[in-house]
Amino acid sequence: MSEMYIKFLGTGGARYVVAKQLRYSAGIFLHACGQNVMIDPGPGTLVRMAKSKPRIDIENITAVIATHSHIDHINDINILIDAMTEGGDKKRGRLFAPRECLEGEDAVIFSYLRNFPEDIVTLEEKTSYEIGDLKFTTSIRHRHTAETYGLIFSIEGKKVSFLPDTGFFDGLRESYAQSDVLIVNTVLRSFKPGASERHLSFDDLETLIELLSPGKLAMTHFGMGMLKARPWELAQELSGRSGIEVIAASDGMRLDL
Ligand SMILES: [Zn+2]
């Protein structure tokens with residue numbers, strides 16, 4: 001079995017943390033089943049790939065996936081397409097994104113880059129996709145201000161789920177239940193009227209764990225309230241209460257699968 005892992009190139013989310021780069025806002029790298037996938041390439045992804053130890057070569061990226069069109073998730077998507085294809089000279093790599101990222105007035109891919117990748121695939125709710133031997137399914141549509149889907153990878157019999165921005169709702173169960181590894185964008189520390197309709201908070205995680213029974217949970221995409229509350233301490237506390245391993249991701253952290 002070859003090595004399979006996730007690398008968090010950035011763990012910052014929300015406006016202030018990203019603006020001040022208190023945590024990097026680069027994407028999540030997944031290496032599995034012979035594929036190299038960049039998920040949600042926020043601002044600084046290309047830089048953090050180059051600075052990563054060992055470096056992640058853009059030529060080796062086989063797919064880029066965006067979960068939704070917000071800037072902290074897609075800022076570097078155009079430069080990744082350009083770099084991945086050597087400025088369009090080599091038609092390679094695949095791009096997956098919800099329709100909203102690809103069409104309409106908020107489309108985020110420059111039109112001159114659209115012929116560069118091998119193909120551009122529109123993500124739809126609860127649909128299965130393949131990147132070579134790497135299979136994934138999209139989640140139920142999230143409760144967020146953009147068209148947002150999570151990603152559920154099937155990796156050698158393991159369910160590895162990315163649960164990006166959403167407000168909490170029971171419907172998350174049908175997509176994410178029994179994940180072996182559950183990565184959750186934990187933007188808020190506590191419930192916040194308004195914001196909690198579209199973002200999860202640390203206070204939601206205990207309910208989320210009861211609802212989904214994950215094998216382990218990794219928090220990332222932290223807003224300011226989370227950073228101030230020391231995510232690594234919160235993780236330890238939640239591990240104790242829930243009985244499952246809870247990890248607070250940090251910039252550059254590798255999680256072996
Ligand atoms: Zn968002």
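**Figure 1. Surroundings of Ser161 in the predicted model.** Apart from neighbours within four places in sequence, Ser161 is in contact (heavy atoms within 4.5 Å) with Leu151, Ile152, Tyr176, Ser179, Val181, Leu182 and Ile183. Ser161 belongs to strand E10; strands (E, at least two residues) and helices (H or I, at least four) are DSSP runs numbered from the N terminus. The model is predicted, with local features requiring pLDDT of at least 70 and side-chain atom pairs pLDDT 80 or more, while totals for chains, interfaces and linings use all residues. Residues are numbered from 1 along each chain as its sequence is written, and side-chain values use heavy atoms, without hydrogens and water.

**Figure 2. Burial and polar contact of Ser161.** Ser161 has 0% relative accessibility and therefore counts as buried (under 20% relative accessible area, 1.4 Å probe, protein chains only). Its side chain forms a polar contact with the side chain of Ser179 at 2.7 Å; such a contact is a pair of N or O atoms within 3.5 Å, and within protein one must be able to donate a hydrogen and the other to accept it, residues adjacent in sequence counting only if both atoms are side-chain atoms.

**Figure 3. The zinc site.** His68 (NE2), His70 (ND1), His144 (NE2) and Asp165 (OD) are the protein donors of the zinc ion, at 2.2 to 2.5 Å from it. Donors are N, O and S atoms within 2.8 Å of the metal (3.2 Å for Na, K and Ca); water is not among the atoms, so sites may look incomplete.

**Figure 4. Donor spacing along the chain.** The zinc donors follow the pattern H-x1-H-x73-H-x20-D. His68 lies in the loop between strand E4 (63-65) and helix H3 (71-74), and Asp165 in the loop between strand E10 (158-163) and helix H6 (172-176), so the pair ties together parts 97 residues apart in sequence.

Methods:
Buried < 20%, exposed > 50% of the residue type's maximum accessible area, 1.4 Å probe, protein only.
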